Amino acid sequence: MPPTLARRSLELAGLSVPLIELTGSSAGPLLTVIAGVHGCEYASMAGVRRWLRELAARELRGRVRAVPVLNVTAFAARTPFVVPEDGKNLNRCFPGDPAGTLAERLAHDAFTQLIAGSDAYIDAHCGDLVEALQPFALYEAGPAEERARELAAAYRLPYVIRQVAGPDRAVSGTSSGAAAAAGIPAITAEAGECGLVPEQAVALHVAGLNGVLELLGMAELPPGAPARRPRQTQLDRFLWLRGRHAGWWEPAVGAGDTVAAGQVIGTVSTLDGTDVLEEVVAPVAGVIIFLTSSPAVAADGLLLGLGAR
Ligand SMILES: [Zn+2]
């Protein structure tokens with residue numbers, strides 16, 4: 001018997017956010033899935049939307065709670081990276097603040113109403129409007145990491161990054177990090193890039209979410225899905241490189257390329273094209289996980305993420 005589908009609008013920080021709940025015919029875990037924490041990451045939203053439509057016709061144990069587009073004002077305004085009302089990156093605001101600005105309140109309400117109490121949590125992302133990206137899953141070192149690593153493996157993306165606390169730590173305040181801190185196994189799963197909706201990236205998210213359902217014992221893999229997982233590369237460091245100067249960014253590498261320590265991976269030059277302001281050098285050997293694809297960069301602007309062992 002297919003699951004019961006309920007669709008409604010959830011009020012989060014005064015915003016109306018679309019929520020789909022699928023309740024299986026037998027008891028089981030509660031899996032929460034959110035996409036659109038960043039409002040222009042369309043491939044991940046498309047993946048969650050398609051996965052939900054297909055799952056509505058399948059056999060499910062337990063319950064799925066999913067929001068295909070969380071950052072609804074950024075989606076409407078086509079604003080990359082941030083919540084347009086306060087300019088804050090929602091995925092640096094978790095677990096949020098009920099007395100804060102809109103991004104902080106949205107994080108708080110999403111955390112308390114959606115993520116808390118889940119048996120597993122998936123935050124689906126891709127490269128934003130101006131980000132090229134190699135598909136990967138990110139999880140946090142800590143008490144829930146064993147199950148989180150299994151979730152990352154089940155999502156079937158080519159790279160898996162374990163993030164540890166300390167000076168190397170690239171990113172904090174993420175929804176999956178806040179979930180992990182609350183003891184909930186969680187990953188950030190990234191596939192897709194540059195505001196596009198390519199079939200390959202959408203399919204990666206659908207296959208990943210189905211892999212998670214299988215891992216959690218909530219559903220069989222759908223007919224035709226490859227049972228074997230692809231080979232994955234485990235990385236233990238995630239270094240985010242910034243440019244010192246504002247100007248014209250010209251990468252010499254692409255997402256997925258491997259680089260050697262000391263290799264020049266791009267330049268920032270003056271807008272008139274005459275002077276190179278800086279050469280950006282790989283501090284360690286690794287693989288380019290994401291890359292700013294826009295030539296326009298600010299001083300101290302994020303240029304790329306380098307995954308390393
Ligand atoms: Zn994102």
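Trainee: Let's start with Gly 62. Which residues is Gly 62 in contact with, leaving aside its neighbours within four places in sequence?

Mentor: Contacts like these show what a residue sits against once the chain has folded back on itself. Gly 62 has Gly 24, Ala 27, Gly 28, Pro 29, Leu 30, Leu 31 and Met 218 as its contacts, with neighbours up to four places off left out. Keep in mind that this is a predicted model.

Trainee: Where does Gly 62 lie, and is Gly 62 buried or exposed?

Mentor: Gly 62 is part of strand β4, residues 61-67. For burial you count C-beta atoms around the residue, and 20 or more within 10 Å is the mark to reach.

Trainee: On to helix packing. At roughly what angle do the axes of helix α1 and helix α6 cross?

Mentor: Helix α1 (residues 42-55) and helix α6 (residues 199-215) cross at roughly 50 degrees, and their axes come within 8 Å. That angle makes α1 oblique to α6. The crossing is right-handed.

Trainee: Which residues of α1 and α6 make the contact?

Mentor: From α1 you have Ala 43, Ser 44, Ala 46, Gly 47, Val 48, Arg 50 and Trp 51. The α6 side brings Ala 201, Val 202, His 205, Val 206 and Leu 209. Sorted by class, the contact of α1 with α6 has 8 nonpolar, 3 polar and 1 charged residues.

Trainee: And α4 with α6: at about what angle do they pack?

Mentor: Helix α4 (residues 145-154) packs on α6 at about 135 degrees, with the axes 8 Å apart. The two helices are therefore oblique to each other. Glu 150, Leu 151 and Ala 154 of α4 meet Gly 211, Val 212, Glu 214 and Leu 215 of α6. This contact divides into 4 nonpolar, 1 polar and 2 charged residues.

Trainee: What should I look for in the backbone angles?

Mentor: Look for exceptions, because most residues other than glycine have a negative phi, and most peptide bonds are trans. Ala 13 is not a glycine, yet its phi is positive, about 50 degrees. Asp 300, also not a glycine, has a positive phi of about 60 degrees.

Trainee: Where are Ala 13 and Asp 300 found?

Mentor: Ala 13 is in the loop between β1 (4-12) and β2 (15-23), and Asp 300 is in the loop between β17 (296-297) and β18 (302-308). With 21 other C-beta atoms within 10 Å, Ala 13 is buried, whereas Asp 300 has 10 and is exposed.

Trainee: Which peptide bond is cis?

Mentor: The one from Phe 94 to Pro 95 is cis, with omega near 5 degrees. Pro 95 belongs to the loop between α2 and α3. It has 19 other C-beta atoms within 10 Å, so Pro 95 is partly exposed. Beyond four places in sequence, Pro 95 touches Ala 107, His 108, Phe 111 and Ala 178.

Trainee: What about Phe 81: buried or exposed?

Mentor: Phe 81 counts as buried, with 21 C-beta neighbours inside 10 Å. Phe 81 has its place in the loop between α2 (72-77) and α3 (102-115). Residues up to four places away aside, Phe 81 touches His 38, Asn 89 and Asp 128.

Technical notes. Residues are numbered from 1 along each chain as its sequence is written. This is a predicted model: local features need pLDDT of at least 70, side-chain atom pairs count only at pLDDT 80 or more; totals for chains, interfaces and linings use all residues. Axes are lines fitted to C-alpha atoms, for helices over the stretch in contact, and angles run from 0 to 180 degrees between N-to-C directions. Helices (H or I, at least four residues) and strands (E, at least two) are DSSP runs, numbered from the N terminus. Angles under 35 degrees count as roughly parallel, over 145 as roughly antiparallel, 65 to 115 as roughly perpendicular and the rest as oblique. A crossing is left-handed if the near helix is turned anticlockwise from the far one by less than a right angle, and right-handed if clockwise. Two residues are in contact if their C-beta atoms, placed from the backbone, lie within 7 Å. Ala, Val, Leu, Ile, Met, Phe, Trp, Tyr, Cys and Pro count as nonpolar, Asp, Glu, Lys and Arg as charged, and the others, Gly among them, as polar. A residue is buried if 20 or more other C-beta atoms lie within 10 Å of its own, exposed if 12 or fewer, and partly exposed in between; C-beta atoms are placed from the backbone.
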